[in-house]
Amino acid sequence: MSVPLSVALVGGLHSEARRAAVDRLLASVPGSVALHHDLSTAAERGTVVRTVRDATGVLSTGEAPLVNDCACCALREDLVPELERLADAGLTRLAVVELWDSVEPKAMAEVVAAAGLDLTGVVTAVDPALVLPCLGNGDDLADAGLAAATDQRTVADTWARQLEYAPVLAVLDSPEADDEDRALLAQLHPTARHVAVPDGDLAAAVLAGFDVEAAAAAQHPACALLPQEADAAGVGTYVWRARRPFHPGRLYAALEDLTCAAARSRGRFWLADRPDTLLHWDAAGGALCVEGVGPWLAALPDAAWEMVPPVRRAAAALDWDPEFGDRCQHLVFTSPGLDREGLAELLGSCLLTDAEYAAGRTAWQRLPSAFDTLLEV
């Protein structure tokens, strides 16, 4: 009798933890197989190597050519047909897609879901002892030997996205990890379900179901579920909020100090000279990415609200201000040895002064646009 196919993604830069998680799933779920696309030789050989295995060993291998000189594109083009083949055969209960080191689960989850396959779980495998070293690594993926082809990402920002997207973390029982490592992991992604590897019930976690749209919304700067205040084992999370806009020049001058003040910081903010633009703050490994992600809801005409996803409207309504609407400063910093007082003082100094605020929006928009280069305007 044919069995329906479930698909689970297991990703992360920590290859030993990832392999342990996949092995655990293969051993605990009868009729399961793992698919892995090795992108390491793509640039040199022009192909991506695919391996399919089960708990007993390798079942098959194959190669897929690069697509548009893009290893990740080749992965996407080859993965779905392989999964569809397994689904049509009706013999496999669970297909575990073991993502290559620097592949981010969000993109692959959306590819699998768009193909109409039953994506039931997304997992990032973690060695707690490696969380801070990865988060503090500002090297380009290429310099670290982790780039499949042309790649502008860094180790730190790639690792942060891998970690924060997955609702389940497969946490390796690492003898090198200490209380600080575990506290950092817990504070970086406080809503994640932690499953111990190799002894935890990872199968139940990956078969529980996965909502691609909800996962994307949880990462969107306008409605992201950012961490709350925390302090444990020398690791702190500081949540800084304000309504008044930033002075663009003073904030720009403080960017280096703010970026280096924490292992990880993220959130949303607004500038006085761009009062209608929601800006995204995303920092890891000593590097900061700032980008505009569209207008604040308060800047939209009422008729346009119907085109906005309900989850964003709900998030805005929960924090609506009579004067500013959903415009706000909401930045979160997480790090060992965090200096909360220093951060509060520096951030506060970047806001408009009373006199600048009183001058009004026309005056604000005449302030020098210090972020033009950073925002590629």
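Let me start with F324 and what surrounds it. Leaving aside neighbours within four places in sequence, F324 is in contact with R243, W270, A298 and Y357. This is a predicted model, and everything I say today is computed from it. F324 lies in the loop between α11, residues 310–318, and β14, residues 329–336. One of the contacts, A298, is 26 residues away along the chain, yet the C-alpha atoms of F324 and A298 are separated by 7.3 Å.

R264, R266, R268 and W270 point one way from β11. S265, G267, F269 and L271 point the other way, and all of these residues are buried. As background, side chains in a regular strand alternate between the two faces of the sheet.

Which strands pair with β11? One is β14, joined to β11 by 5 bridges and running antiparallel. In that pairing, G267 stands opposite L331. Another is β12, residues 274–284, which pairs with β11 over 7 bridges, also in the antiparallel sense. There, R264 stands opposite A284 in β12. β11 and β12 form a hairpin, with 2 residues between them.

Next, the sheet of 8 strands. The sheet is open, its pairing is mixed, and the order is β4-β3-β2-β5-β1-β6-β7-β8. The edges are β4, residues 57–65, and β8, residues 193–197; each has a single partner strand, so one side of each is left without a neighbour in the sheet. From one strand to the next, the twist averages 25°. As an example of a pairing inside this order, β2, residues 32–38, runs parallel to β5, residues 94–98, with 5 bridges joining them. V33 stands opposite A95 in β5.

On to a helix. The buried residues of α6 are V155, A156, T158, W159, A160, Q162, L163, E164 and Y165.

Now the cysteines. How many disulfides are there? With sulfur atoms required to be within 2.5 Å, the count is 0. For C223, the nearest cysteine sulfur is that of C328, 12 Å away. C223 has 12% relative accessibility and counts as buried. For C260, the nearest cysteine sulfur belongs to C350, 14 Å away. C260 counts as exposed, at 56% relative accessibility.

Finally, the chain as a whole. Its secondary structure comes to 14 helices and 14 strands. A compact globule of 377 residues would have a radius of gyration near 21 Å, and the chain agrees with that at 22 Å. Along the principal axes, the C-alpha atoms fill a box of roughly 75 × 50 × 40 Å. Of the 377 residues, 51% count as buried. The accessible surface comes to about 16,500 Å², and carbon and sulfur atoms account for 51% of that surface. Among contacts with a separation of 6 or more, 72% are between residues 24 or more positions apart. The pair I opened with, F324 and A298, is 26 residues apart along the chain.

Definitions and conventions:
Residues numbered from 1 in each chain as written. Predicted model: local features only at pLDDT ≥ 70, side-chain atom pairs only at ≥ 80, totals over all residues. Heavy atoms only, no water. Pairing = 2+ DSSP bridges. Helix = DSSP H or I, 4+ residues; strand = E, 2+ residues; numbered from the N terminus. Axes fitted to C-alpha atoms, helices over the stretch in contact; angles between N-to-C directions. Buried < 20%, exposed > 50% of the residue type's maximum accessible area, 1.4 Å probe, protein only. Contact = heavy atoms within 4.5 Å. Rg over C-alpha atoms; globule rule 2.2 N^0.38 Å. Areas by Shrake-Rupley, 256 points an atom, 1.4 Å probe, with all protein chains shown as cover.
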